[in-house]
Amino acid sequence: MSDSDSVKPIVVYVIERHPLDLPQTGPLFRWIRMQEGLQSDLEALIGPFDPQQMSLLVDERPGGPQWKRLLQSLMDEKVRMVVTHLAPLSSAQRQQLIGVCDQMGSMLI
């Protein structure tokens with residue numbers, strides 16, 4: 001998905017490499033399969049959904065360009081559901097995401 005594409009109502013936000021991930025440990029915060037199995041993993045979390053209504057936003061590190069795009073899309077009321085793993089986010093980012101989702105009426109999973 002390019003930056004010019006519109007963000008869809010269901011957003012999955014993934015951080016590719018958390019700063020605590022080490023070569024010895026592997027991806028500590030891997031919570032969803034990015035290739036095969038993405039749809040079935042999401043259905044296990046949110047139930048059946050239309051894949052055409054989902055955007056996958058991936059940042060290499062927390063707080064990258066897709067994070068800003070997610071927040072702007074929430075503020076523009078384009079997003080009704082955000083699916084993410086909160087642990088890789090900083091405390092401030094978690095509070096910001098929870099607050100913006102609450103204020104805009106978006107579900108956070």
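Which residue in β2 is the bridge partner of V12? The bridge partner of V12 in β2 is L56. The model is a predicted one, in which local features need pLDDT of at least 70, side-chain atom pairs count only at pLDDT 80 or more, and totals for chains, interfaces and linings use all residues. Residues are numbered from 1 along each chain as its sequence is written, and side-chain values use heavy atoms, with hydrogens and water left out.

An open sheet is formed by 4 strands in the order β2-β1-β3-β4, and the pairing is parallel. Its edge strands are β2 and β4, each of which pairs on one side only. Helices (H or I, at least four residues) and strands (E, at least two) are DSSP runs, numbered from the N terminus, and two strands pair if DSSP finds at least two bridges between them.

Strand β1 has two partners. With strand β2 (residues 54–59), β1 pairs in the parallel sense over 6 bridges; I15, for example, has D59 as its bridge partner in β2. With strand β3 (residues 81–84), β1 pairs in the parallel sense over 4 bridges, and V11 stands opposite V82 there.

In a regular strand the side chains alternate between the two faces of the sheet. Both faces of β1 are covered: I10, V12 and V14 on one side are buried, as are V11, Y13 and I15 on the other. Buried means under 20% relative accessible area, exposed over 50%, and partly exposed in between (1.4 Å probe, protein chains only). Because 6 of the 6 residues of β1 are buried, β1 is largely enclosed by the rest of the structure.

Next comes M54, which is found in strand β2. M54 counts as buried, at 15% relative accessibility. Although M54 and I10 are 44 residues apart along the chain, their C-alpha atoms are separated by 4.6 Å. Contact means heavy atoms within 4.5 Å; leaving aside neighbours within four places in sequence, M54 is in contact with K8, I10, V12, L38, L42 and F49.

Helix α2 also has buried residues: Q66, W67, R69, L70, L71, S73 and L74. What covers them includes β1, β2, β3 and α3 (91–104). Just after α2, E77 takes a positive phi of about 60°.

Rings of Phe, Tyr and Trp (its six-membered ring) pair if their centres lie within 6.5 Å; planes under 30 degrees apart count as stacked, over 60 as edge-to-face and the rest as tilted. By this rule there is 1 aromatic pair. The ring centres of Y13 and W67 are 5.6 Å apart and the planes are at 55°, so the pair is tilted. This pair links distant parts of the chain, with Y13 in strand β1 (residues 10–15) and W67 in helix α2 (residues 65–75), 54 residues apart. Both Y13 and W67 are buried.

The last stop is the surface. M107 lies in strand β4 (residues 107–108) and is partly exposed, with a relative accessible area of 45%.
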